[in-house]
Each structure stands twice: as C-alpha cells, then as structure tokens.
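Biologist: Please take a close look at one part of this model for me: the pairs of charged side chains. Then carry on from there to the rest of the picture.

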Amino acid sequence: MLVLHASAGQMGLLAGLGSASVLIFGLSAGVFVDRMRRRPILIATDLGRAAILCSVPIAAAYHVLGMPQLYVLAALAGVLTVFFDVAYQSYLPSLVERDQLFEGNTKLMLSSTAAEVAGPATTGILVQLITAPMAMLLDAASFVFSALMVILIRKHDPAPDRTAHEEQHVWRESIAGVRFIAGEPVLRALAFRSVMMFFFAGFLGTLYVLYAIQTLHLHPAALGVTIAMGGVGGIIGSLLAGPLTRRFGLGPTFIYTAVAHGLVVFLFPLAGGSETRAMFFLMTTQLFGDCAMTIYFINETSLRQTIAPAHVLGRVNAAMQLATRGVIPLGAVVGGFLTEAIGMRPVLTIAATGILASVGWLLVAPIRSLRSAPDVVL
C-alpha cells in the first residue's frame, strides 16, 4: 500500500491469492503429509519461503517490484504455508504423549504470540526506517532460523504407516479427513463455524491496514504497536487456556470465547477520532479478541489431535485448514470489492456481524455439555 499504492481491490486480491492455495492444495497436502515423514516437510517449506521473500527486496533494489510479482509470490508462499501448517499440526503428536497435547499446543501458541508482540512493533519501525521491501529481509531470515530449529530436533520422526495407504485411490485418500470430520458431530460443528467465521474474517484481513492508515490515519509505527497488542492478548490467552477449560469445561469454553471474540470485533468499525482514541479501540480489539481466539484454537487443535488416528491426522488437519484458511480468499476478494462499492465501515460492520453469527453453529451441536476431549473419542 505504501510503496506500490495498492487499492482496496488489489489488497483483497493479494490476500486472496495468499490463501487460495488452501482451496487448491489443502486436501492433497494432507495426503502428502500422511505419506511422508513430517520433519523434512517443515524444513523444506521454511527454506522455500525464505527464498521467496528474499526476491522482494532484490526486485525493489532493481526498481522492478510491482503488484503482479507480489501476486505470484503470495500464491507460492501460500502453497508452502499449507504444507508446513498441516505437517506441523500432525508432527506434534509424535513428539509428545497424547495426554500432553494440550500443554504442547499451549506452549507452541505461547511462543507464537510472544513473537507477535515484538514482530509487528519492529516491523512498523523498520518500514519507516528502511522501507517495507527491505524489512522483508528479516522476515526471510526468520524462516531460515525456523528451519535450523527444526533441524535441531533430535527425537525420532516415525515413518508413516504405508499399509494404511495401500490400494487406495488418491481422491478417496484426500477426502478421508473430510469424511472423518463429517462423521463426528463436534468436529463438524467446529468446521461449519470456522467456514462462516473465516469468510467474514477475510474482510478484516483485506481492510485492516487500509482502514488503519487511510481512514484512521495511524502511522506505520503506531500500527505496529497496535497489532502487537494482539500478541499480548495471545500470551494471556495461552496462560488462561488451561485454567479456564478446567473450570468451565471444553464445550462452554468454546462458546464463551467465540461469543467474546464476536462481540469485541464490533469495536473495529467504531474506531475513529484522534490517533490515540483510534489506537485504543484497535488495541482493545486486538487484546481481547486474540486472547479469546487463542484459548479457542488451543482447545480446537488439541481436540482434533486427540481424537483423530495418527494415519489420518494429516488429512483431518488439512480438511480443517480448508474450513478455515480456505475461505479467507473468498472473503478477502469479496470484502475488497464490496468496500469499493459501499465503503469501509459498512463492510467492517457486516464482517463483525457475520463473525458473531457464526457462534450459532456451536449452539446447535452437542458441544455445551462437553467437558473434555476424551468425551468425544470415537
């Protein structure tokens, strides 16, 4: 937006292409992950994304950087991210015992949200000091560091059970995760809720930066600090996930956190006035929204990893990614062009309404009485 002066429609298309890979490769990634060791996939996709990101500052240095290149790079990076995420969520159960999955996911989420505190704040400063394309060099370096950390894991990465894949058609294998989710009422409700929520969340992903800088007139550094507040919320959510789930039970925790997130998103279109007031609204949304959703996703991921058999876990994770990130490109493109038609605040209000309404899927499923993951083991 700052360097290439992208419009809302172009930002929507860019965000959509970055997530469209889930629609195209999501289910096949699950088959691929279930047929291979997971650690080599993590290393290869990390290094691939580092190389892709390095091309941005190089193109900028030669004055040839443009939106078409960013479209291609976003699509390629999105493909690698699909394979990484499916492999990463499927790798954890081979590193820890099943009764340690909740703790493992909590610690992974804690490290992720801690990075979110420092990352955006640093980014805002770097964008102002050395421009956005050059700041992406540090992003590339972070993927190299990630690959090195995965290489240092010494625990045996078990080979896949090939007998589970023998004489199966590729298409039948690819939809095994979808069939598993469809046959389990709780996972099915969570998946339907994710489809609806992430479609409208795609509106927000497209408009966030445009809204903050063009409408609310935040400087990049101030925007970085604002986004970093989401990391603070994530850290708090990681610390509260265990105590709250034990106190209220798994089902009520799903519902309470989903409602809290849906309500707080309405602060987003209400932001305005001075930069300080606008930052307060956005920071409140980030803090409480990310806190609620961190608790929600720790429980959702742990539940999935607990009840899905190891030989189909990759495909179950891939199917759930399709229900989440797979609909983001649709929401991103719709949100971007809808904004050009009716304006930014009305679209943000529509997005908040849709996110809150998605809680309805949890209310019509047998979730409220669910106390823990073993209650739904097939």
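**Salt bridges and beyond**

Modeller: The structure holds five salt bridges. Keep in mind that this is a predicted model. As background, side chains of opposite charge can pair when their charged atoms come close.

Start with Asp34. Its partner is Arg38, and the closest N and O atoms are 3.0 Å apart. Are these two residues buried or exposed? Both Asp34 and Arg38 are buried. The pair also belongs to something wider. Arg315 joins Asp34 and Arg38 in a network of salt bridges.

Now move along to Asp46. The side chain of Asp46 forms a salt bridge with that of Arg49, at 3.0 Å from N to O. Where do the two sit relative to each other along their helix? Both lie in helix α2, residues 38-61, three residues apart, so about one helical turn separates them. Asp46 has 1% relative accessibility, so Asp46 counts as buried. Arg49 is buried too, at 7% relative accessibility.

The next pair is Glu103 and Lys107. Their side chains meet in a salt bridge, again 3.0 Å from N to O. This pair belongs to helix α4, residues 101-130. Glu103 and Lys107 are four residues apart there, so they too are separated by about one helical turn. What about exposure? Glu103 is partly exposed, with a relative accessible area of 43%. Lys107 has a relative accessible area of 53%, so Lys107 is exposed.

Ser302 lies in helix α12, residues 275-307. Beyond its sequence neighbours up to four places away, Ser302 touches Leu101, Phe102 and Asn105. At 5% relative accessibility, Ser302 counts as buried.

Next comes the nonpolar interior. In soluble globular proteins, nonpolar side chains tend to be buried together. Here the largest nonpolar core has 72 residues. Leu190, Tyr211, Leu282, Leu303 and Ile367 have the most contacts inside it. Which helix gives the most to this core? Helix α8, residues 185-215, does, with 16 residues. Another core lies apart from the largest one. That other core has 16 residues, including Phe83, Val86, Ala87 and Tyr91.

Tyr211 is then in contact with Leu216, Phe268, Pro269, Leu270, Ala271, Leu282, Met344, Arg345 and Leu348. One of these, Leu282, is also among the core residues with the most contacts.

Stay with α8 for its packing. Helix α13 covers residues 313-324. The axes of α8 and α13 are 7 Å apart, and the helices pack at an angle of about 35°. On the α8 side, the residues are Leu187, Ala191, Ser194, Val195 and Phe198. They meet Met320, Ala323 and Thr324 in α13. How many residues of this contact are nonpolar, polar or charged? The contact has six nonpolar residues, two polar and no charged.

Two loops hold something to check. His63 lies in the loop between α2 and α3, the latter being residues 67-95. His63 is not a glycine, yet its phi is positive, about 60°. With 72% relative accessibility, His63 counts as exposed. His217 lies in the loop between α8 and α9, the latter being residues 220-248. Phi of His217 is near 60°, a positive value in a residue other than glycine. His217 is exposed, with a relative accessible area of 56%.

On to Phe248, which has its place in helix α9. Phe248 is 122 residues from Leu370 along the chain, but their C-alpha atoms are separated by 9.8 Å. Phe248 has 33% relative accessibility, so Phe248 counts as partly exposed.

Finally, the cysteines. How many disulfides does a search of the whole structure find? The search finds zero. Cys54 is partly exposed, with a relative accessible area of 29%. Cys291 has 13% relative accessibility and counts as buried.

Technical notes
Residues are numbered from 1 along each chain as its sequence is written. This is a predicted model: local features need pLDDT of at least 70, side-chain atom pairs count only at pLDDT 80 or more; totals for chains, interfaces and linings use all residues. Side-chain values use heavy atoms; hydrogens and water are left out. A salt bridge is a side-chain nitrogen of Lys or Arg within 4 Å of a carboxyl oxygen of Asp or Glu. Buried means under 20% relative accessible area, exposed over 50%, partly exposed in between (1.4 Å probe, protein chains only). A nonpolar core is a set of buried Ala, Val, Leu, Ile, Met, Phe, Trp, Tyr and Cys residues joined through side-chain atoms within 4.5 Å. Contact means heavy atoms within 4.5 Å. A disulfide is a pair of cysteine sulfur atoms within 2.5 Å. Axes are lines fitted to C-alpha atoms, for helices over the stretch in contact, and angles run from 0 to 180 degrees between N-to-C directions. Ala, Val, Leu, Ile, Met, Phe, Trp, Tyr, Cys and Pro count as nonpolar, Asp, Glu, Lys and Arg as charged, and the others, Gly among them, as polar.
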